[in-house]
Amino acid sequence: MFKLILSHAFSRIILFLFFAIFFMGSLLSGYLSGFAGLGNSYDLKRILVIVFVMVAMVLLSYRKSVPIAILSPYTCWVVCVIFILGFISALNSQHPFWSLLELANFLLLFCLFYIVGVLIADIGKTVVLQYFFWFALFFSVCISVKFFLLLLFHAFDANRPDVHSLVAGFMNVRFFNQLQVMLMPLLCLSFYIEQLNKYKQAAMLAFSVLWLILLQSEARGALLAMVVAAFVVYSFLSADLRKAFIRPIMKAVTLGTLLWLVLIIIIPLFLFDSQIWQLRTNSSGRIDMWIYILQTIPEHVWLGHGPMSFAWAE
């Protein structure tokens, strides 16, 4: 029994290390980038992920036996073909360096998924999901506290906040919105894992605050993605599970929307004589970029223009 606990400790250490890397690469990246002398927080994220993959491999190699998540031959062939074609496409792109860098990001993501697969094979899916739930809840609480403190400081200083100032610490507010889209579904694990049912209310309260931040940061794409994903999940659930899913979600969304109306719309009208939120009606050039991409795709219909090439689209 002691040996079993000791062997599973490696997997738990790797999970805690993953969460620490996630924390350092997101919430604390602004501080660590300056400390490490890096001018770009994205470079810090890549370094942290590479360090995590290497340390995880070392920890797993110390075990006498490592449970391997075995991929089917079909999956191996598909992954290999995709990366080979992606490598050829990157070499032939207009910006080979950035294309290869983006391809390396995908490779690191694949390594992360494989490591998580090994952990699931070792300690079980339910245990791994519980760890992810606890991390998502803890991270959401930290983000919520920081958001409300920044809002309070802006009010005391009579300093009118903008889209970026209330989620300070991220190089791009849209990167933070992408983190939200990842974290909010993890909070819903409290619906389906029996051991987490008693934390449902705390999870939905955190969900409400994250919904408030989505509205405040004007994350139209993230909001649309969350709504569509909720409808897709709802359509696949059985009739007895639909109410258990949709009711807490609707309550959380309603609470988050009310908090947004009070804290972001109504109160700032008295403090700053103008609202701090405005409905964006333009596409920020996205439609023009999409049209340009559709017109350019036929030029390289098989191998494309390389990963990230359209980041420089006119």
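The expected span of a helix is 1.5 Å times one less than its number of residues. Helices (H or I, at least four residues) and strands (E, at least two) are DSSP runs, numbered from the N terminus. Helix 6 (residues 125-157) has 33 residues and should therefore span 48 Å; its end C-alpha atoms are 48 Å apart, which agrees.

The model is predicted: local features need pLDDT of at least 70, side-chain atom pairs count only at pLDDT 80 or more, and totals for chains, interfaces and linings use all residues. Residues are numbered from 1 along each chain as its sequence is written, and side-chain values use heavy atoms, with hydrogens and water left out.

Start with the whole chain. The protein chain has eleven helices and zero strands. Buried residues make up 37% of its 314 residues. Here buried means under 20% relative accessible area, exposed means over 50%, and partly exposed lies in between (1.4 Å probe, protein chains only). A contact is a pair of heavy atoms within 4.5 Å. Of the contacts with a separation of 6 or more, 72% join residues 24 or more positions apart. Ile13 and Ala56 are 43 residues apart in sequence and 9.0 Å apart from C-alpha to C-alpha. Ile13 lies in helix 1 (residues 2-25) and is partly exposed, at 46% relative accessibility.

Accessible areas come from the Shrake-Rupley method with a 1.4 Å probe; for residues, only the protein chains shown count as cover. The accessible surface of the chain comes to about 18,700 Å², and 72% of it belongs to carbon and sulfur atoms. A nonpolar patch covers about 1,300 Å²; its residues include Trp77, Phe87, Leu294 and Trp302. Patch residues have over 30% relative accessible area and no salt bridge; nonpolar side chains (Val, Leu, Ile, Met, Phe, Trp, Tyr) are joined within 5 Å, like charges within 9 Å. A salt bridge is a side-chain nitrogen of Lys or Arg within 4 Å of a carboxyl oxygen of Asp or Glu. Helix 4 (residues 73-91) gives the patch its largest share, seven residues. Leu294 sits in helix 11 (residues 286-296). Its relative accessible area is 62%, so Leu294 is exposed.

Next, the helices and their ends. Helix 5 (residues 96-123) has 28 residues and reaches 41 Å from first C-alpha to last, close to the expected 40 Å. Its buried residues include Ser99, Leu112 and Asp122. Gly124 follows helix 5 with a positive phi, near 100°. Just after helix 6, Ala158 also takes a positive phi, about 55°. Most residues other than glycine have a negative phi. Glu218 is not a glycine, yet its phi is positive, about 55°. Glu218 is found in the loop between helix 8 (200-216) and helix 9 (220-236). At 9% relative accessible area, Glu218 is buried.

Finally, the cysteines. A disulfide is a pair of cysteine sulfur atoms within 2.5 Å. A search of the whole structure finds zero disulfides. Cys80 is partly exposed, at 43% relative accessible area. Cys188 is buried, at 10% relative accessibility.
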